[in-house]
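The sequence and the structure are shown first.

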Amino acid sequence: MDENLTYGEDYKYIPATSIESGVGTEVLPDLYSYTIQIVNIVLVGHPDKKEFVLVDAGMPYSAEKIMTETERRFGEGSRPKAIILTHGHFDHVGGIIELIKKWEVPVYAHEFELPFLTGEMDYPEPDPSVEGGMVSKMSPMFPNEAIDLGSHVKPLPEDGSVPHLPDFRWIHTPGHAPGHVSLFREKDKALIAGDAFVTVKQEYLYKVITQEQEISGPPRYLTTDWTAARESVEKLEALKPTVAITGHGLPMTGELLTDSLHKLVQEFDSIAVPDFGKYVDETSE
Ligand SMILES: [Zn+2]
Ligand SMILES: [Zn+2]
């Protein structure tokens, strides 16, 4: 590997966790969600087939855990065909450099996320003044500097297809991040939502620790465009997913998911949009 891959200078271990940390859930036979501290990664692919993809790359310093869990599910020495990123926030790329070095697989993200993944642009600072929650108050410690994956990261195909996952398509769901994407499979209406919406009130440390299930908009302290965030949730609700794995919180299925998503769309202002915060403005009210 001749390129110099780097995390931002603010890369660090984040001391926050939940009771689900280290727990994996087989949501469908080929859809496996695994919790690392306070975030989920997804292994997509049937364990018998040995062809699979990793969605997102966990918290800082979690590469070892991801490799162990991957080998536990797919067998020793197994590696995914690719890593797909829903977006590039610190808690979704925390182990990615070690994974690239070990696995030598390509990483795909929406082209609008590439500046944050190729060292060109930092994410905006998290907002500790946003309405609600101890996690928001902690958010200034979260890394927001660009990481540099050089030529290892590539844009997702423009036609909406997802490399190595022929049944899935990616859907642009910006708002939480400009190039945020969700992955959707029409045949069983399975959704990997990233942080477009989540199933835990991620701003509240107590709820994060207990993983109390409750539909929520994207994590507030890092969401910068609430108008786009609303449209993204509407887009996903219209797909009528039957199963959703979100970046944070427990997987949600069936009627609970249908009803919760409907409620989130109907009451987006009160459930999702904070009453105050530096990224909240008149246009999103
Ligand atoms: Zn995020
Ligand atoms: Zn996240």
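Thr 25 has Ser 33 in E2 as its bridge partner. E1 and E2 run antiparallel and are joined by 4 bridges, and a hairpin of 2 residues leads from E1 to E2. Strands here are DSSP runs (E) of at least two residues, helices are DSSP runs (H or I) of at least four residues, and both are numbered from the N terminus. Two strands count as paired if DSSP finds at least two bridges between them.

The model is predicted; local features need pLDDT of at least 70, side-chain atom pairs count only at pLDDT 80 or more, and totals for chains, interfaces and linings use all residues. Residues are numbered from 1 along each chain as its sequence is written, while chains are lettered from A and ligands numbered from 1 in the order in which they are written.

Asp 30 sits in the loop between E1 and strand E2 (31-36). With 19 other C-beta atoms within 10 Å, Asp 30 is partly exposed. That class lies between buried (20 or more other C-beta atoms within 10 Å of the residue's own) and exposed (12 or fewer), with C-beta atoms placed from the backbone. Leaving aside residues up to four places away in sequence, Asp 30 touches Val 44, Gly 45 and His 46; a contact means C-beta atoms, placed from the backbone, within 7 Å. Asp 30 and Ile 245 are 215 residues apart in sequence, and their C-alpha atoms are 13 Å apart in space.

The protein has 8 helices and 13 strands. Its radius of gyration is 17 Å, close to the 19 Å that the globule rule gives for 285 residues, so the protein is as compact as a globular protein of that length. The radius is taken over C-alpha atoms, and the rule is 2.2 Å times the number of residues to the power 0.38. Buried residues make up 49% of the 285 residues.

One open sheet has 7 strands in the order E1-E2-E3-E4-E5-E6-E7, with mixed pairing. Strand E1 (24-28) and strand E7 (153-155) are its edge strands, each pairing on one side only. Another open sheet, also mixed, has 6 strands in the order E8-E9-E10-E11-E12-E13. Strand E8 (161-162) and strand E13 (252-253) are at its edges with a single partner strand each, so one side of each has no neighbour in the sheet.

| Strand pair | Sense | Bridges |
|---|---|---|
| E1 and E2 | antiparallel | 4 bridges |
| E4 (residues 53-55) and E5 (residues 83-84) | parallel | 2 bridges |
| E10 (residues 181-185) and E11 (residues 190-194) | antiparallel | 3 bridges |

Val 55 has Ile 84 in E5 as its bridge partner, and Leu 183 stands opposite Ile 192 in E11.

Val 55 and Leu 183 also belong to the largest nonpolar core, which has 73 residues; together with Val 42 and Val 107 they touch the most other members. Strand E3 (residues 39-44) gives the most to this core, with 5 residues. A nonpolar core is a set of buried Ala, Val, Leu, Ile, Met, Phe, Trp, Tyr and Cys residues joined through C-beta atoms within 7 Å. Among the contacts of Val 107 beyond four places in sequence are Ile 83, Leu 85, Leu 149 and His 152.

The unreviewed UniProt entry places the feature "domain: Metallo-beta-lactamase" at residues 38-248; such annotations may be inferred rather than shown by experiment, and the positions follow the numbering used here, with feature names shortened. The end C-alpha atoms of residues 38-248 lie 7 Å apart, and the span is 23% helix and 19% strand.

Conventions
Contact = placed C-beta atoms within 7 Å.
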